[in-house]
Amino acid sequence: MVEEMNSPRVIEAGLEGGPGQGAVLWGKASYLLNLSRKHSLWYLLFATACCGIEMMQTGGPRTDLDRFGMVFRASPRQSDLMLVAGTITYKMADRVKLLYDQMAEPKYVIAMGSCASCGGLFQKSYSVLKGVDLIVPVDLYLPGCPPRPEALNDAMMKMQDIILSEDWRRKMTEKTEPRPQMGRGGILKRA
Amino acid sequence: MHFDEIVARLRERFGDLVGEADEPDPARPSLLPGVFVRADSVTDVCRFLHDEPAMAFEHLSCITGTDFKDSIHLAYVMTSYVHRQVIALKVKLDRDDPSIRTVEEIWATANWNEREIYDLLGVYFEGHSDLRRLLMPDDWVGHPLRKDYQEQPDYHEIPTTRENPLGKY
Ligand code: SF4
């Protein structure tokens with residue numbers, strides 16, 4: 001018995017074996033790896049402003065991110081996904097970069113809301129970073145001010161699609177260049 | 001105690017150090033009622049307003065600063081919960097070298113207020129226990145709320161502007 005998995009991106013994956021025989025799940029290694037990856041996206045709690053409230057709501061019982069295997073972590077070292085939810089100031093920018101650098105590969109970033117995507121309504125502000133993609137690579141932009149929990153939920157599913165569609169080694173081989181010299185204020189300095 | 005009475009008490013106590021008063025004016029609702037004092041007397045006047053039982057301004061609501069191009073104005077907005085009264089002390093500072101004594105010993109909350117003003121307007125507060133920038137990073141160049149502020153093109157190699165995607169239309 002061979003069942004094609006019901007997804008357009010999956011070429012070869014299936015389940016063999018009947019009742020009482022045990023079962024074999026077969027497929028491409030990248031597919032199986034990505035499958036487990038996309039269902040265990042642990043996200044870094046990164047709520048810096050009003051978007052954070054929507055993010056908390058998305059983790060709550062109504063939209064319930066837990067059903068995707070997503071649980072929030074308070075430490076970047078345990079996270080796979082950085083969900084930048086809110087306004088990032090220049091003072092915070094160095095910290096964002098530092099947290100991103102601490103995450104283990106493969107790692108993904110979602111810029112949630114207008115502020116994280118491009119500076120949003122603080123476009124002309126003196127203290128706000130004009131988009132988090134200026135400091136870390138962003139995989140997915142989520143527009144809205146703030147995006148509703150449904151929108152974030154949708155973004156998470158799109159994120160899962162992205163993970164499933166890429167080569168399992170891509171994120172590991174990709175080099176992220178550390179930015180030089182982080183400045184004063186107790187921030188780590190790199191050579 | 002009314003605004004006029006407070007101003008009268010201040011004039012009686014401090015004489016020339018107290019300048020003109022911005023009376024509460026229904027026609028100008030945006031004007032903050034307050035009284036100008038000389039910059040070097042601000043701690044004495046604040047101490048008086050704080051300690052005197054008839055005034056008892058025990059709470060400093062905020063300190064605001066404004067760049068008027070020829071001078072920098074600070075306004076110390078204080079509240080008396082006992083007498084249900086709000087008043088602002090206003091100070092004019094030299095724009096090129098703005099410096100004033102801290103009121104941190106009177107209201108501890110002034111610590112952050114003064115740091116903010118130092119950060120955004122470049123006013124130096126003598127005797128402040130921890131005068132660092134508050135909103136901007138420590139190594140930021142310039143004071144953003146000054147009228148002649150020029151933003152640097154980048155900060156730590158991060159550009160400070162972003163191209164408007166609609167600009168080309
Ligand atoms: S995008 Fe809107 S809701 Fe989100 S952090 Fe910015 S201002 Fe707040």
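**A walk through both chains**

Let's start in chain B, where B:C62 stands opposite B:V77 in β4(B). Before going on, some housekeeping: this is a predicted model, where local features need pLDDT of at least 70, side-chain atom pairs count only at pLDDT 80 or more, and totals for chains, interfaces and linings use all residues. Residues are numbered from 1 along each chain as its sequence is written, chains are lettered from A and ligands numbered from 1 in the order in which they are written, and side-chain values use heavy atoms, leaving out hydrogens and water.

Back to that strand pair. Eight bridges join β3(B) to β4(B), and the two run antiparallel; pairing here takes at least two DSSP bridges between the strands. The hairpin they form has three residues between the strands, and B:K69 takes a positive phi near 70° there.

Zooming out, chain B has three helices and nine strands, where helices are DSSP runs of H or I with at least four residues, strands are E runs of at least two, and both are numbered from the N terminus. Along the sequence the pattern reads α-β-β-α-β-β-β-β-α-β-β-β. The C-alpha atoms fill a box of roughly 60 × 40 × 30 Å along the principal axes. Of the 169 residues in chain B, 45% are buried, meaning under 20% relative accessible area with a 1.4 Å probe, counting protein chains only.

Now, is helix α3 of chain B enclosed or open? Nine of its 12 residues are buried, so α3(B) is largely enclosed by the rest of the structure. Among the buried ones are B:R115, B:I117 and B:D119.

Over to chain A. It has an open sheet of five strands, in the order β4-β3-β5-β6-β7, with parallel pairing. The edges are β4 (72–73) and β7 (140–142), each pairing on one side only. Further in, two bridges join β3 (43–44) to β5 (81–85) of chain A, and A:L44 stands opposite A:M82 in β5(A). Helix α5 (149–165) of chain A packs on the sheet, touching β5, β6 and β7 of chain A, and makes about 170° with β7(A). Those angles run from 0 to 180 degrees between N-to-C directions, with axes fitted to C-alpha atoms, for helices over the stretch in contact. Helix α2 (51–59) lies across β3, β5 and β6 (108–112) of chain A, at about 130° to β5(A).

What do the buried residues of α3(A) pack against? They meet β5 and β6 of chain A together with β8 (154–155) and β9 (158–159) of chain B, contact being heavy atoms within 4.5 Å. A:Y90, A:V96 and A:Y100 are among those buried residues.

Last stop, the ligand. Its surroundings, counted by heavy atoms within 4 Å, include A:C50, A:C51, A:T87, A:S114 and A:C145. Helix α4 (113–118) of chain A gives the most to this shell, with three residues. How many are charged? There are no charged residues in the shell, against seven nonpolar and five polar. For that tally, Ala, Val, Leu, Ile, Met, Phe, Trp, Tyr, Cys and Pro are nonpolar, Asp, Glu, Lys and Arg are charged, and the others, Gly among them, are polar.

Methods. Buried means under 20% relative accessible area, exposed over 50%, partly exposed in between (1.4 Å probe, protein chains only).
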